[in-house]
Structure formats: structure tokens, C-alpha cells
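Please read the numbered points beside the sequence and the model.

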Amino acid sequence: MADLKERLLPLKPQSAINLRGTTSQASASGRQPFQGLDLSGLKKRGQGLRSWIRVDTSGTSQVIEVDKFTMMRRCDLPARDLRLLDPLFVYPSTILGREKAIVVNLEQIRCIITADEVLLLNSLDSYVLQYVVELQRRLTSGVGEVWQPEGPELNRRSCRNFDNVYGSPSPDYLPFEFRALEVALESACTFLDSQVRVN
């Protein structure tokens, strides 16, 4: 079990490893600060690396490890928006539209959607993995398909045909951000629907 935990958790940053070897300076009164406290397990605030699943516009996914401040600069988001994605806190379902990103917290799906990538908190939750697979499928296959979960009464797929609705094909399709958001909303609805069926 410990071996599995070590493989799934990101490595400790070098600053947290070196914390044990540092000696604290005596204060003006001659006493050692934090005397008697074991600080070896503590880490500096904001130094922790998080594991993210990155899906780009072509449907390619990869796991990256990024700290909070790098993510804030990368997506041009304030820290309070990233707090919504923290799995330790419980927030109501939220979709925040920002200048360069959409922050999504829908049930099990917690992600940041930008113009050219989706960044999901790396989780072993089956709904997160289903979201990644469905997003990849949508990005690599046809644009107008609507995802239907597999089940006894819902085993068919419906397809929007822009030719039949408007008389001519649509010259431009939904941007990447809206397709990723659409899959996230459908995934949240599927999760809620399964919860209602269980209860």
C-alpha cells in the first residue's frame, strides 16, 4: 500500500526535504524559536506540487506536476479561484468565467479550461477518467455528436446535423473551451443522474 501511495503522490520539493537539516537561529532572548516542535513534516506554504492532467486541443493528454503559483501565472488566475478546485474544501458547484480561463467545479469534475488546454486535478475518480476519455473522443472524432452514457435504455447516440437544421453547414464550430465545458456539464449531469437512480 505504501508503495502505491509513493508512486501516485508527487515527489516532495527539495525545500521540504532540506527543512530537516536546517538549524534555527537563536532569537535576541537566546531561546531557540519553535523549540521542542518537530517541523520535519511541515512544508512551506504554497510550495507543494500538484499533479494535473493536461488535455490539449488535439486530444493529447499528459500528467504534469505544477505548483500553485505557476498555475496562477499560467492561467492568469487569482489564488481564490484555485481554492475552488482544492479537494480538501467543499464548495457548491461553480463555473467562473475569467479573462483567459474558465474555472469549473462541478461535482467530481474540477478543472481549468483555457483556449488551448484543459487542466484537471489528477484524481483516481472514475468520473474524472471518463471525462478525459470523452473529451479526447470528442476532440478526435466528429464535432456534432452528443454523448449518451451506455445503458439499457440509453444505448444510442444522437447526432446534430447542421445541414438539416439550418439548410447549410455551419462554417465555424464551437471553440475548444465550449466543447470542454459541454463535456464537463454532461459528465456532472451523468453523475447526478446516477446518484438519483441509486437513491
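1. Where is the place of Phe89? Phe89 sits in the loop between helix 4 (79-83) and strand 3 (94-97); helices (H or I, at least four residues) and strands (E, at least two) are DSSP runs, numbered from the N terminus.

2. Basis of the note. This is a predicted model, in which local features need pLDDT of at least 70 and side-chain atom pairs count only at pLDDT 80 or more, while totals for chains, interfaces and linings use all residues. Residues are numbered from 1 along each chain as its sequence is written, and side-chain values use heavy atoms, with hydrogens and water left out.

3. Overall composition. The protein has 7 helices and 8 strands. Of its 199 residues, 33% are buried; buried means under 20% relative accessible area, exposed over 50%, and partly exposed in between (1.4 Å probe, protein chains only). The protein exposes about 13,300 Å², and carbon and sulfur atoms supply 54% of this area. Accessible areas come from the Shrake-Rupley method with a 1.4 Å probe, and for residues only the protein chains shown count as cover. Among contacts with a separation of 6 or more, 48% are between residues 24 or more positions apart, a contact being heavy atoms within 4.5 Å.

4. Surface patch. Phe89 belongs with Leu88 and Tyr91 to a nonpolar patch on the surface, and together they have about 320 Å² of accessible area. Phe89 counts as partly exposed because its relative accessible area is 40%. Patches are made of residues with over 30% relative accessible area and no salt bridge; like charges are joined within 9 Å, and nonpolar side chains (Val, Leu, Ile, Met, Phe, Trp, Tyr) within 5 Å.

5. Nonpolar cores. A nonpolar core is a set of buried Ala, Val, Leu, Ile, Met, Phe, Trp, Tyr and Cys residues joined through side-chain atoms within 4.5 Å. The largest one has 21 residues, of which Val104, Cys111, Ile113, Val118, Leu120, Tyr131 and Leu135 touch the most other members. At least two residues of this core come from each of strand 1 (49-56), strand 4 (102-106), strand 5 (109-113), strand 6 (117-121), helix 5 (126-140) and helix 7 (176-198). Helix 7 gives the most, with 6 residues. A second, separate core has 16 residues, including Cys75, Leu96, Val103 and Ile112.

6. Surroundings of Val104. Leaving aside residues up to four places away in sequence, Val104 touches Leu85, Thr94, Ile109, Arg110, Cys111, Ile113, Leu181 and Ala184.

7. The whole structure contains 9 salt bridges, each a side-chain nitrogen of Lys or Arg within 4 Å of a carboxyl oxygen of Asp or Glu. In one of them, the closest N and O atoms of Asp86 and Arg50 are 3.2 Å apart. Asp86 is in the loop between helix 4 and strand 3 and Arg50 is in strand 1, so this pair ties together parts that are 36 residues apart in sequence. Asp86 is buried at 12% relative accessibility, whereas Arg50 is partly exposed at 33%. Glu117 and Arg74 form another salt bridge (3.0 Å, N to O). Glu117 lies in strand 6 and Arg74 in helix 3 (residues 68-75), 43 residues apart. Glu117 is buried at 6% relative accessibility, and Arg74 is partly exposed at 38%.

8. Glu134 and Arg138 form a salt bridge with their closest N and O atoms 3.0 Å apart. The two are 4 residues apart in helix 5, which means that about one helical turn separates them. Glu134 is buried, with a relative accessible area of 5%, and Arg138 is buried as well, at 5%. Salt bridges that share partners join Glu134, Arg137, Arg138, Glu182 and Glu186 into one network.

9. Cysteines. How many disulfides does the structure hold? It holds 0 disulfides, a disulfide being a pair of cysteine sulfur atoms within 2.5 Å. Cys75 is buried at 1% relative accessibility, whereas Cys189 is exposed at 51%. Cys189 is located in helix 7. In sequence Cys189 and Glu107 are 82 residues apart, and in space they are 9.1 Å apart, C-alpha to C-alpha.
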